[in-house]
Amino acid sequence: MSDAGVHKVLVSACLLGQPVRYDGQSKGIISDWLSELGAEGRVLAFCPEVAGGLSTPRPPAERQGELVVTESGLDVTAEFDRGAELALAICQRQGIRFALLKEGSPSCGSGRIYNGRFEGVSVAGEGKTTALLHRHGIAVFSEDQLPELASALSLAVNAAGA
């Protein structure tokens with residue numbers, strides 16, 4: 001693996017202002033540091049749900065164990081799993097070791113997700129994409145952890161001798 005990959009970060013497209021969330025909105029964050037990474041070509045925008053075949057907008061979905069279902073009971077697990085696999089494939093192909101993913105999402109949540117009962121209650125847990133990336137050694141950070149991501153990325157770049 002080339003050490004060029006340590007310089008890139010997979011980022012939830014919605015955090016970069018792309019309207020790909022279930023409600024057709026974005027959750028763009030304002031960050032000079034992230035903007036700088038993007039300007040350097042070190043950010044790769046990705047939405048696992050859209051990549052997995054779901055439309056925008058789409059019904060909200062929540063994890064129920066290993067399943068992901070909509071409030072009406074439609075099982076969208078296959079699309080969520082496909083999106084997670086595609087995210088992993090991109091990271092592996094490009095040597096990406098860090099991801100910045102949307103907290104609370106059934107795909108991207110890294111510390112909390114919704115409880116699966118569509119009550120607006122979040123619980124400790126991981127989204128499908130985050131869990132798969134973690135299992136393959138990719139560090140996942142939420143938008144609330146930009147300083148931690150910046151530090152980890154800086155350490156990786158320094159360790160690579162860049």
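Let me begin with a definition: a residue counts as buried when its relative accessible area is under 20%. By that criterion Cys 14, at 8% relative accessibility, is buried. Please bear in mind that the model before you is predicted.

I shall stay with the cysteines for a moment. How many disulfides does a search of the whole structure find? The search returns zero. A disulfide requires two cysteine sulfur atoms within 2.5 Å. For Cys 14, the closest cysteine sulfur belongs to Cys 108 and lies 6.7 Å away, so the pair is too far apart for a bond. Cys 108 is likewise in no disulfide, with the sulfur of Cys 14 as its nearest cysteine sulfur. Cys 108 is also buried, since its relative accessibility is 4%.

Four strands form an open sheet in the order 2-1-5-8, and their pairing is parallel. Which strands stand at the edges? They are strand 2, residues 43-46, and strand 8, residues 139-141, each of which pairs on one side only. On average, and with direction ignored, neighbouring strands of this sheet are turned by 25 degrees against each other.

Within the sheet, strand 1 (residues 9-12) and strand 5 (residues 98-100) run parallel and are joined by two bridges. Leu 10 has Ala 99 of strand 5 as its bridge partner.

Two helices that pack on this sheet deserve mention. Helix 1, residues 32-39, touches strand 1, strand 2 and strand 5, and its direction makes about 100 degrees with that of strand 2. Helix 5, residues 146-159, touches strand 1, strand 5 and strand 8; here the angle, taken with the direction of strand 5, is about 160 degrees.

Next, the loop between strand 5 and strand 6, where Ser 105 is placed. Is Ser 105 buried or exposed? Ser 105 is buried, because its relative accessible area is 12%, and the threshold is under 20%. Its side chain makes a polar contact of 3.4 Å with the side chain of Glu 49. The side chain of Ser 105 also reaches the backbone nitrogen of Ser 107, at 3.0 Å. Not counting residues up to four places away in sequence, Ser 105 touches Glu 49, Ile 113 and Gly 127.

Strand 6, residues 112-114, contains Tyr 114. With a relative accessible area of 34%, Tyr 114 is partly exposed. Leaving aside neighbours within four places in sequence, Tyr 114 has contacts that include Glu 62, Arg 63, Gly 104 and Val 123. Gly 52 is 62 residues from Tyr 114 in sequence, and their C-alpha atoms are 20 Å apart in space.

I close with two points of backbone geometry. As background, most residues other than glycine have a negative phi, and most peptide bonds are trans. Phe 118, although not a glycine, has a positive phi of about 55 degrees. Phe 118 is found in the loop between strand 6 and strand 7, the latter spanning 122-124. Its relative accessibility is 19%, so Phe 118 counts as buried.

Where is the cis peptide bond with omega near -5 degrees? This bond runs from Thr 56 to Pro 57. Pro 57 itself is found in the loop between helix 2 (48-51) and strand 3 (61-64).

Definitions and conventions: Residues are numbered from 1 along each chain as its sequence is written. This is a predicted model: local features need pLDDT of at least 70, side-chain atom pairs count only at pLDDT 80 or more; totals for chains, interfaces and linings use all residues. Side-chain values use heavy atoms; hydrogens and water are left out. Two strands pair if DSSP finds at least two bridges between them. Axes are lines fitted to C-alpha atoms, for helices over the stretch in contact, and angles run from 0 to 180 degrees between N-to-C directions. Contact means heavy atoms within 4.5 Å. Buried means under 20% relative accessible area, exposed over 50%, partly exposed in between (1.4 Å probe, protein chains only). A polar contact is a pair of N or O atoms within 3.5 Å; within protein, one must be able to donate a hydrogen and the other to accept it, and residues adjacent in sequence count only if both atoms are side-chain atoms.
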